[in-house]
Amino acid sequence: METGLHWLNRQWGRMVLSVGLGFSSIASNIGLMAIAGYLIAKAATHPSTILLLWVPIVSVRFFGLSRAAFRYAERLISHDVTFRILSHIRTRFYSMLEPRWPSAFAKWSIGDFLDRITNDIEVLQNVFLRVLTPPIVAFMAAGLSFAIISVTGSFLLGCVLLVGLTMVGVILPMVGHWSTRRIDQSYTDGRSRMYQKICDLVSGTQDLSMADDGGRQFLGALDILQERLNTYQRQLVLRQAVIEACTVVIVSGTAWAMLACAMPRVEHHLLGSVMLTVVALTSMASFEAVLPIPMTFVALGENVASVRRLQEIKNWPVQTPDPSCDHDRRRLPDHWHVRMNDVSFSYTSGNPILSGITLDLYPGKHMAIVGHNGGGKSTIIHLLTRLWDTQEGTVTIDDIDLRSLAGEVVRSGFVVISAHTPIFNASIADNLRIAKPTADLEELQKVAEVAQLSSWIDPLPEGFDTVIGEFGHVPSGGQRQRIAIARAVLANAPILLFDEPLEALDAQTALEIKGNLEAISRHKSVIWITHHLKSIGTMDEIIVLSQGSIIERGIHQELIHQSGPYQKMWDYEMDMF
Amino acid sequence: MIIHMQYSQGMRKIVKDLRGTWPWFLLTTLSGVVEGLFMIPQIYLFAKLITGIPTHMESSSMVMRMLWLLGFLILVRGICRYVVQWAGTHLAIRVKTKLRSSLSLHLLQQGLSEVNQQQVGEWIHTAYTDIESVEPFIRFALPQIVLAIVIPAAVLIVVFFTDWISGLILFTTAQLIPFFMILLGRVARQKTQKQWAAMRRLGAHFYEVIEGLTTLKLFNRSQAQRDVVAKVGERYRKATMDTLKVAFLSSFAMELISTIGTAMVAVGVGLRLLSGHLSFTHALLTIMLAGEFYLPLRSLGSQFHASMEGRLALQHLGDILNTSPMQSSSIVSDNRVQDPVMSASDLTLLKDRRPILRVEQMTFTYPETQEPVLKDVSLSVAAGEHIAVVGSSGAGKSTLFSLLIGALRPQTGAIYVHGEPLCEGNISAWRRDISYLGQRPHIFSASVLENIRMSRPSAELDEVWRVAEQAGVHSFVHLLPQGYETKIGSGGMSLSSGQVQRIAVARMLLKPCSIWLLDEPTAHLDVESERWFREVIHRLPSSQTVLIIAHRLSTVERMDKVFVVRNGRVTTIESRNQGDQRQLDTFQVGG
């Protein structure tokens, strides 16, 4: 919990205000009940004039109205403060996640991240609304009612009340938390596991629905997770219900005990009927503040687990740390001359992906990388753009090691188009502007032309403002890919990395777009990763990658005469088409 | 007491589906009622003791007896509360489990089509958060309706006996409460709908951001996204606060009514006490009961606002579960018009080969768009035919496939499978008979073995090895740290797109079926694998029907037929027909 407290940051003022209002509301209620009791009991003694009752009558009205007003204000402010803090936590969580991406993806699934950023933060709502301030309010209210009862009744009666309040406000919560903390943890884990399964189910619905059992087995697995979660919830409720029942019994029991204790004093005429009424009604009202506390603490284990889950990501090391504020390293390179020197690399799993890769890329040079599936082609892109850092060898830009450059600086020189680029549920313009937020309509039209999008966008009634995914504007695979291409072109970076960008397009469109891309990239550095050798005949260098090593390199004309793997691939392709 | 509630058809269906949970609902409500009713004698005894002890109206032994009776009542109420909690949780668990399994089943039966992938974030929200939010509604708000009727009524009866004027006051003021609830409930409903939408957007937004984080990072937009996350969160806070302002306002109004009511009762009771028309005990009892009279009504108000989300969610779930995927399909036209694209050779083919799949004058338009994607499409596929589907990007090829597998339903026209119109009754049998390879096969976060077996969980291990070998999965799996047990997918080893494609092919090979629908199966495969894959198709037994969406003409060449999708129409071209061959050449460019 203590680590969670810094999330309160600038909200202290509002928190204090909400405590103040919360106490005022409870105090009004106690005042209302005490004076109402006094009023009735006094009236029962048939006082000589009704004027004596004026002050109590006015106070009853005042407290009644102020109680409602204070409560309204308190609830508004405490909820507002909570949602502010939650919003802040979400942003913080995202800031922790961002630099650890994509390496953290090897450990946590998308569903897991999503679970944390939505559900765990939602659970924390409980902490800020119910765990932090209510005990403070309850403590103050307990003090007030103890004082009232000690004065009007006796010290002993005050103590009896205090015992009751302590049992409900301190002991039951402790017992509740202690007895459920393990189940709370398991419950949180179980919830997370089920949530991830649901994410998998939704993302894979298409594949599952075509399975020969219609996905029944997967549903069975989901049911098991749900059943396990249900078991935890059932175990929780046994304890919750006991705590709840105890609360009910203790609240009424305290009033009962106070009556029993008051009996001898009343018999000895130390306590009149007026004051006894005041004592009884005050004690009933004073429980209002402590009533919700036990159930809150039963759920505390869940909150602790959620806080822990949100913090967990911090322990995952940042794989590509930005150099510490060295201003020189924030300067953009002049030439964007990229070199990979004898680079070897493996992902966190330890399987070697690349070994001894050396390549040289300068403006105007067009390079192709070909090779079998899983040869490590895409990994080269990850290393060049500093999504990952090399373990052996160096990657440099203008002879500066990539590791001494901020990731943002490195990536400002690159643009990547891969086979599956996500398109966001936003307008087409906004999707394109991810590459360049300041782009005007003219620029958008220009890149749309390059990506052959105009014929699709122009007839749309809303044009570039058409929101993707809404009102049936669901782009096909090819259209999505062309949006991704247009977006990349808009970035206008000096180095272009193409990872099979034209796979999802029909031959005609692919050919046209390829021509357009070649036209705009003449003076830029280009790496083109592909399976189709026919399209790379004019490249300045071709690298053949196999199982992480370069097995052949040169230009097309040389390679097809070398009777090596390239020639074999070329023959295959010629044979097929 | 009128609760402002409009049941949609979907809601009614859900209520019907949840019939099995009625006993739990009754138990929760009943024990709540018992607990509430026992409060009345408890208060009576308290009042009697408070007034009786100082005035020596009761004898000492009588006081003791009353004290013990009071203790007993308190215990019974404690037990009732235990039952309320226990039964309530069981009720909630049952409802949530039932809803979740119906929704998952529905999702699989409908089969989220390729084009719906855009809504994955929303669906996750529905399947988890929406269902969770039903709990407070079912468990607290619904039983509270009963409590809010029974308990005030019982209190009222008692008060009419002790002091009928106070009873009249309580009765009159209580009439104001539904009035306020309806008034503010209307406003709150609109606001909640807004808030609910904002919440869904928040969830969907996070899904998108996390899914697209690599892209955002590559464009150096990931840090700027922080502000967007903050902004979306802020918008959600504002929408929520807007709702809460109204919700709390209605609680405030209730509280005012109850305060004023109690004050009126108190003053009246005080005056009658002064004039000696009322005993002290009855006066105290009346005042204490007045508080308890309003309590259930007040909590009904706050419970209803707290559970408004759950109500909307339940309605939403009902609407989803109420739509069956095949509902509006299969409007079979009686006038069997001669298929305009069917040539004479088609007809002879139909004679000796049984058509496995036939589409008649099918038109499909995406909801809320005017222009149909496919217009009056008619085509037929005979058993054993190998057919290529070509067309430019965005022409509707994938939409056609989604229709054929029943993930989308046509507005007019019909699809016949094995001679029968495709409908809800035969959709699962039909799907069992097809293997479908989509553009973006999903890799589940499970082992390689489980991922391959996903298409046929009952497959024997050696069958899995065989298809893995065939699909070229084996060559890279033996390099993985735990071989076939290696966890892949989200949160596991990440695979290249070519490796993903191979696993998808292995999945497809594992499932025996009579027709293959392949959406660009060789995209992302290297040349050798592509060549191998074509060999697989060529060597297929003649009984195996294949439809392939192809971008490269080399795929098209050896096919029996080609479906050309252009401008919403589908034209059938016979490969063997010379004239058609020339038409086909227009697609040759660039292949």
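Two strands count as paired if DSSP finds at least two bridges between them, and strands (E, at least two residues) and helices (H or I, at least four) are DSSP runs numbered from the N terminus. With that in hand, welcome to this predicted model, where local features need pLDDT of at least 70, side-chain atom pairs count only at pLDDT 80 or more, and totals for chains, interfaces and linings use all residues. Residues are numbered from 1 along each chain as its sequence is written, chains are lettered from A and ligands numbered from 1 in the order in which they are written, and side-chain values use heavy atoms, leaving out hydrogens and water.

Let us start with chain B, where six strands make an open, mixed sheet in the order 6-9-10-3-11-12. Strands 11 and 12 of chain B run antiparallel to each other over six bridges, and B:V570 in strand 12 is the bridge partner of B:V565.

| Strand of chain B | Residues |
|---|---|
| Strand 11 | 561-566 |

Now to the interior. A nonpolar core is a set of buried (under 20% relative accessible area, 1.4 Å probe, protein chains only) Ala, Val, Leu, Ile, Met, Phe, Trp, Tyr and Cys residues joined through side-chain atoms within 4.5 Å. The largest holds 236 residues, and A:I485 is among those touching the most other members. Helix 4 (residues 120-162) of chain B contributes the most, with 19 residues. Beyond four places in sequence, A:I485 has contacts (heavy atoms within 4.5 Å) that include A:I417, A:P501 and A:L517. A second, separate core of 43 residues includes B:L449 and B:V562.

Technical notes:
Buried < 20%, exposed > 50% of the residue type's maximum accessible area, 1.4 Å probe, protein only.
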